[in-house]
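Subject: Structure handover and notes

Hello,

The structure you asked about is below.

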Amino acid sequence: MTSSGSSLRGKVYQSIRDEILSGAYQEGEELVEASLGEKLGVSRTPVREALRQLALEDLVNIIPNKGAFVKGIAAEDVEDIYIIRSKLEGLCARWAAKRVTEEELATMEEVICLSEFHAQREHYERVYEQDTHFHELLYEACHSRMLSALLSQYHQYVQKVRKLTIQNHRRSTMSSDEHKGILDAIRDQDEDRAERLATQHILNTMENLKQYDIDTLLHQKTEM
């Protein structure tokens, strides 16, 4: 396949994947190649290839002679994902403490300030955006292409439940405080503290989730 063909397949894959993980499709819903192709303005070939890739990721179930059906992330997967993330983000913060640039530190600090600003005004959609941005910057700051890619994948897996964890003033404020602690440790080049705080941050998020019915949340369909 040409580079342009690979790029097109990647865009189609990412578009369908984003909608699955954001809740635009219900579990078990059929993904029709022709409809998806029409919606995305592409032929059925890149859609078919994208669905095969999503099947390898276990987000889609392809049944011969029947079609492709959404699997998505199950409630029982969520805790596993957060435990894995806690270990990986701890390692990420440890490496960031050694490798971060001054420019990256300044950007992360700006994001925390914006998050606090929006949390005070209960602009939780904006808080969610800044939370996402902080973690993306943290992944970049470790300067490991492999670890960054892996963390981004796991971060996206739980984007739907992540939105819920900051839909209250208490947790959104605590999250910003935890981000500050991680940033301070990275700035101080304290690898042990950075790793410990980043790990605990994810575990705190997981603990906060226990007050919610995750299965119900995952089965809520969002607007496409």
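Is R99 buried, partly exposed or exposed? With a relative accessible area of 34%, R99 is partly exposed; buried means under 20%, exposed over 50%, and partly exposed in between, using a 1.4 Å probe and protein chains only.

The model is predicted, so local features need pLDDT of at least 70 and side-chain atom pairs count only at pLDDT 80 or more, while totals for chains, interfaces and linings use all residues. Residues are numbered from 1 along each chain as its sequence is written, and side-chain values use heavy atoms, with hydrogens and water left out.

R99
R99 sits in helix α4; helices (H or I, at least four residues) and strands (E, at least two) are DSSP runs numbered from the N terminus. Leaving out residues up to four places away in sequence, R99 touches E104, A141, C142, H143 and S144, where contact means heavy atoms within 4.5 Å. A polar atom of the R99 side chain lies 2.9 Å from the backbone oxygen of C142.

Core
The largest nonpolar core has 57 residues, and I16, L31, V78, V161 and I186 touch the most other members. Helix α4 (residues 75–99) gives the most to this core, with 8 residues. A nonpolar core here is a set of buried Ala, Val, Leu, Ile, Met, Phe, Trp, Tyr and Cys residues joined through side-chain atoms within 4.5 Å. Beyond its neighbours within four places in sequence, V161 is in contact with V78, Y82, L209, I214, L217 and L218.

The largest pocket has a volume of about 200 Å³. Its lining has 13 residues, and L31, E33, L51, G67 and A68 are the closest to its centre. For the method: on a 1 Å grid over the protein atoms alone, a pocket is an open set of points with protein on both sides within 12 Å along at least five of seven lines, a cavity is a set where a 1.4 Å probe fits but cannot get out, and lining residues have an atom within 4 Å of a point. Points are joined across faces, edges and corners, and a volume is the space filled by probe spheres set on them. Helix α3 gives the most to the lining of the largest pocket, with 4 residues. That lining divides into 7 nonpolar, 1 polar and 5 charged residues; Ala, Val, Leu, Ile, Met, Phe, Trp, Tyr, Cys and Pro count as nonpolar, Asp, Glu, Lys and Arg as charged, and the others, Gly among them, as polar.

The whole structure holds 3 cavities of 30 Å³ or more. The largest cavity has a volume of about 180 Å³, and of its 17 lining residues I20, G72, I73, K160 and L218 lie nearest its centre.

The second largest cavity has about 100 Å³ of space, and its lining includes R85, H135, H201 and I202. Helix α10 supplies the largest share of that lining, 3 residues. By class, the lining has 3 nonpolar, 5 polar and 4 charged residues.

H135 is in helix α6 (residues 124–141) and is buried, with a relative accessible area of 2%. Not counting residues up to four places away in sequence, H135 touches R85, E89, H155, H179, H201 and I202.

Regards

Note on methods: A polar contact is a pair of N or O atoms within 3.5 Å; within protein, one must be able to donate a hydrogen and the other to accept it, and residues adjacent in sequence count only if both atoms are side-chain atoms.
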